[in-house]
Amino acid sequence: MQQFIDRFRAKATKARQASARKKQVEKMEPPEIKRSSRRTPGFQFRQGRPSGREPLRVDGLAKSFNGRRLLHDVSFTVERGDKVAVVGPNGVGKSTLLKLISGALEPDGGGVKLGYEVNLGYFAQDVHESLRGTQTAYDWLRAASESAEIATLRGTLGRVLFSGDDVLTRVGDLSGGESARLLLAALMLRAPNLMVLDEPTNHLDLEGRDALMRALRDYPGTLIFVSHDRHFVARVGTRVLALTSGHVEDFAGSYEEYLEWRGDDYLALGQAQPHSRKRPSEVRKRASGRGYAESKEQRRAIERLTRAGARLEGEIARLEGELEALTASFNDNGYYQRVSRDEIRADERRQRALREQLEATMREWEAQATKLEARRAHA
């Protein structure tokens, strides 16, 4: 309202409206908003090195328990950079699938093949099962990340809200939220390029869930996860694997797009409920084979352009760094006394080449950014 007043109070045709809104603003009593006493963890996940293009392939996977067939002939591949949300009715085998992928369980049939240079990190649903014993939180994290330096361990513990004497708490005495944050801290230090997370938000408070959601969206690696938090799934996942009666249904898109296409909401009280059976023409188009293929190709094109943009940004930063270092050499008072004329000319040629390369890379980056905006506008 104040923006409207500032903009139109001097305009004759809007002066009366601006005056009326000014009176409304003067009568307003802004509520006192108390700052939250809760702390927000600083989750940040990186990958030590990128994996191959296809970090995971699942072929004909089968698993039974006590004569009950849970998974049967489950097959799919995951491409680098995918963030795959595994959904389905309760008891259909979502956690079992993640255990099979991580190697915590052996399949009865079929197999799981990890791709080139894959470093897998697994977060189990039962956090207390992973943290037993009398070790302190600090000692457990040090054992889980042997190569990390003391300062790095301390800093990481602080980021996940273990400060002061908190780091001396025995892992067996940690609360569910503390256990979850400690396990996530180990993944932060390990820097896997494929993360498999089974209900990572179960024990986290609102601030923790929001921080984890942001961190996973920024994570450059590949992610496969299970969660019953609809908001979390919708914001993090870029692809949906729906398990139904032991089989898998693959959808290239967000959970909201999956609901429009399929209609079964597996996150409604944890069970499949009809989300919307009345499909408009656009939804029917997505549900067709052609619409599905177009959606999948569109998303893949966006991912390719995003990766290309990130690569070009890195190249721009490298070129700018080299130019800055070269300029600093030229500005050094003793440079022209200690460097020969031929070397000076070579540095000048290198400077011109770097500038030309930087300009060309900037133009390429701008073209990629334009394409990406156009793709996102039509996605």
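User: What makes the space in the second largest cavity count in a search for cavities of 30 Å³ or more?

Analyst: In this predicted model, about 30 Å³ of space lies in the second largest cavity, and the search of the whole structure finds two cavities of 30 Å³ or more. The word cavity is used because a 1.4 Å probe fits at its points but cannot get out.

User: How do you know where the second largest pocket lies, and how much space is in it?

Analyst: About 180 Å³ of space lies in the second largest pocket. Its lining is formed by Gly 121, Tyr 122, Phe 123, Ala 124, Ser 130, Trp 140, Ala 144, Ser 145, Leu 183, Ala 186, Leu 187 and Arg 190. Strand E5 (120-123), H5 and H7 are the elements that give two or more residues to this lining, and H7 gives the most, with four residues. Sorted by class, there are eight nonpolar, three polar and one charged residues around the pocket.

User: Why can the buried residues of helix H5 be said to line one face?

Analyst: The buried residues of helix H5 (residues 137-144) are Ala 137, Tyr 138, Trp 140 and Leu 141. Seen down the axis of H5, these residues fall within an arc of 165°, so they line one face of the helix.

User: Why is Thr 136 called buried, and what is in contact with it?

Analyst: Thr 136 lies in the loop between H4 and H5. Its relative accessible area is 16%, and since buried means under 20%, Thr 136 is called buried. Leaving aside neighbours within four places in sequence, Thr 136 is in contact with Val 167, Leu 168, Thr 169, Arg 170 and Val 171.

User: Why is Asp 73 called partly exposed, whereas Ala 191 is called buried?

Analyst: Asp 73, placed in strand E2 (residues 68-78), has a relative accessibility of 47%, which falls between the limits of under 20% for buried and over 50% for exposed, so Asp 73 counts as partly exposed.

User: What is phi in Asp 73 and in Ala 191?

Analyst: Phi of Asp 73 is near 50°, a positive value in a residue other than glycine. For Ala 191, phi is near 55°, again a positive value in a residue other than glycine.

User: How do you know which stretch of the model should be read with care?

Analyst: The mean pLDDT of the protein chain is 83, and 86% of its residues reach 70 or more. Over residues 269-290, however, the pLDDT is below 50, although this stretch has 38 contacts in the model beyond near neighbours in sequence. Where pLDDT is low, the predicted coordinates should not be read in detail.

Definitions and conventions:
Residues are numbered from 1 along each chain as its sequence is written. This is a predicted model: local features need pLDDT of at least 70, side-chain atom pairs count only at pLDDT 80 or more; totals for chains, interfaces and linings use all residues. Side-chain values use heavy atoms; hydrogens and water are left out. Buried means under 20% relative accessible area, exposed over 50%, partly exposed in between (1.4 Å probe, protein chains only). The arc is that of the directions from the helix axis to the C-beta atoms. Contact means heavy atoms within 4.5 Å. On a 1 Å grid over the protein atoms alone, a cavity is a set of points where a 1.4 Å probe fits but cannot get out, and a pocket is an open set with protein on both sides within 12 Å along at least five of seven lines; lining residues have an atom within 4 Å of a point. Grid points are joined across faces, edges and corners, and a volume is the space filled by probe spheres set on the points. Ala, Val, Leu, Ile, Met, Phe, Trp, Tyr, Cys and Pro count as nonpolar, Asp, Glu, Lys and Arg as charged, and the others, Gly among them, as polar. pLDDT is the predictor's confidence in each residue, from 0 to 100.
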